[in-house]
Amino acid sequence: MATAIITGASQGIGACIAKRLAKDGFDIAINHYPSESDKANAENVAKECQEFGVKAICFPADVSKYADCEEMVKAIKAEFGTIDVLVNNAGITKDGLLARMSEESYDAVIAVNQKSVFNMTKHVATVMMRQRSGHIINLASVAGLYGNPGQFNYSASKAAIIGMTKTTAKEFGSRGITCNAVAPGFIKTPMTDKLTDAQRDAMIAQIAMKRYGEVEEIAGVVSFLASSDSSYVTGQVIEISGGLSM
Ligand code: NAD
């Protein structure tokens, strides 16, 4: 059985991707932030994955910490035997205009969104290289492609992920490993529930399809990138935004 790791999978897009890949037949390693509430949510996600007849186990780790990721990847390899798919999904926002953005807000977003991709990809790619196969999928954002006022830190981290995706594709392509990114637009999750009505209305006005995206619409594209149907697709950024920009 093939194994998929999804980081930050206790809620939102990550939880939906975990369930979709379980439905696709993957055994699932559910990473979650080491807090009591994330643990409880992740355990529910594991139960829902298990309903598809696959193995699903929770692995608490703060993915911004290098040593914690190294230890977690070792534990997942020991438990499942192979690592076939890595979805770097964990992310946070700490929005504010640059003039008022603190150094702490900048550093926190870069650590969770950007450094985590280094921490996880480095350790997982070592396993995939020995297998000579694997799919790595990174969650970027339209903010990383086009910028967004109030998201200097977030758009920096997501633009970096696009560079990391292309570099990973080039470094590991000859070893049978693909690496792609998805760039969601405005998707209905706890992350976007924080926006004001005025911010939401302004976003929707710019979207060709005049609606928010659903988490299942991200999970569907990730499922394709994790499957053999995408075997000759690598280093790409797939925008999933309902036509936010064309
Ligand atoms: P969310 O806040 O609902 O979920 C994020 C998850 O990451 C949570 O489960 C959280 O606990 C986890 N996480 C945070 N810090 C962590 C850490 N240090 N270690 C481990 N886990 C950690 O957000 P979401 O909307 O589901 O976002 C998922 C991904 O999609 C993020 O990378 C986000 O930037 C990206 N994205 C979301 C949208 C959107 O509209 N929702 C748009 C573009 C990109």
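Trainee: By class, what residues does the shell around the ligand have?

Mentor: The shell has 15 nonpolar, 11 polar and 3 charged residues. Ala, Val, Leu, Ile, Met, Phe, Trp, Tyr, Cys and Pro count as nonpolar, Asp, Glu, Lys and Arg as charged, and the others, Gly among them, as polar. Keep in mind that this is a predicted model: local features need pLDDT of at least 70, side-chain atom pairs count only at pLDDT 80 or more, and totals for chains, interfaces and linings use all residues. Residues are numbered from 1 along each chain as its sequence is written, and side-chain values use heavy atoms, with hydrogens and water left out.

Trainee: Which atoms of Gln-11 and the ligand pair up?

Mentor: A side-chain N or O atom of Gln-11 is 2.8 Å from a ligand oxygen. From the backbone, an N or O atom of Asn-89 lies 2.7 Å from a ligand oxygen, and one of Val-63 lies 3.1 Å from a ligand nitrogen.

Trainee: How much of the ligand's accessible area does the protein cover?

Mentor: 93% of the 830 Å² that the ligand has on its own (Shrake-Rupley method, 1.4 Å probe).

How values were computed: A polar contact is a pair of N or O atoms within 3.5 Å; within protein, one must be able to donate a hydrogen and the other to accept it, and residues adjacent in sequence count only if both atoms are side-chain atoms.
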